[in-house]
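Thank you all for coming.

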Amino acid sequence: ALAPCPSSPASSTTSSSASTSNHVIEQSTWMYKGHPIAYERSYIKDKVNNTDKTPILLLNGFGMGTFHQHRLMEAVHSQNVGRTIYGIDYLGQGKSWPIDCDDGNSEREQGLRYSASTWIDQIADFVTNNLQSRVHLVGNSIGGYLAVFVASQYPDNVESVVLLNATPIWGLNLPGWSGHLPVP
């Protein structure tokens, strides 16, 4: 089950950096349909301006945030592929909750659904408006499921798809929950 609404970041332009070994992880947000969405950009320090290679977008599992991808980012960088790696939170998970979140009762949450279709649209929006290039999608668990749909619905944005423990659970209609808050 999803946790109750945590506090949301107040700004859509926050940015901070963390450095582990030879790679950097920068944290930031962008606005998706009026909601701040957290994302991270990771790169090898001496290859920060390497923009000629298709970036990698990591899609995490259900209930996780981009923090869950840090070890994978480091492992990919250790292979010296020289690519920028991105990770994003899904709306309603990680650091990406609606502004004035009140378990589905606030004005900004009216009609909002935490669903695969929302997250697919959110991922496509991120690729189109923030990366403005094709991506290699790497999806873990629900991220694998979402990666397949993003690739099928937006083929011009996707170079390749890698599935890690992909799950089909969201293809089923979960009894008793429409995706709205509060969660049963």
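I will go through the helix itself, then the core, then the helix pair, and finally a few backbone angles.

This is a predicted model, in which local features need pLDDT of at least 70 and side-chain atom pairs count only at pLDDT 80 or more, while totals for chains, interfaces and linings use all residues. Residues are numbered from 1 along each chain as its sequence is written, and side-chain values use heavy atoms, with hydrogens and water left out.

Helices (H or I, at least four residues) and strands (E, at least two) are DSSP runs, numbered from the N terminus.

Turning to the core, a nonpolar core here is a set of buried Ala, Val, Leu, Ile, Met, Phe, Trp, Tyr and Cys residues joined through side-chain atoms within 4.5 Å. The largest one has 30 residues, and those that touch the most other members are Leu57, Leu59, Ile88, Ile123, Phe126, Leu137 and Leu146. H2 gives the most to this core, with seven residues. Ile123, for its part, touches Leu57, Leu59, Ile88, Tyr90, Leu146 and Val150, not counting residues up to four places away in sequence.

Now for the helix pair. H2 and H3 pack at an angle of about 60 degrees with their axes 10 Å apart, the axes being lines fitted to C-alpha atoms over the stretch in contact, and angles running from 0 to 180 degrees between N-to-C directions. On the H2 side the contact is made by Ala116, Trp119, Ile120 and Ile123, and on the H3 side by Tyr145, Leu146, Phe149, Val150 and Gln153.

Finally, the backbone angles. Just after H2, Gln132 takes a positive phi of about 50 degrees. Ser141, in the loop between E6 and H3, has a phi near 55 degrees, which is a positive value in a residue other than glycine.

Note on methods. Buried means under 20% relative accessible area, exposed over 50%, partly exposed in between (1.4 Å probe, protein chains only). Contact means heavy atoms within 4.5 Å.
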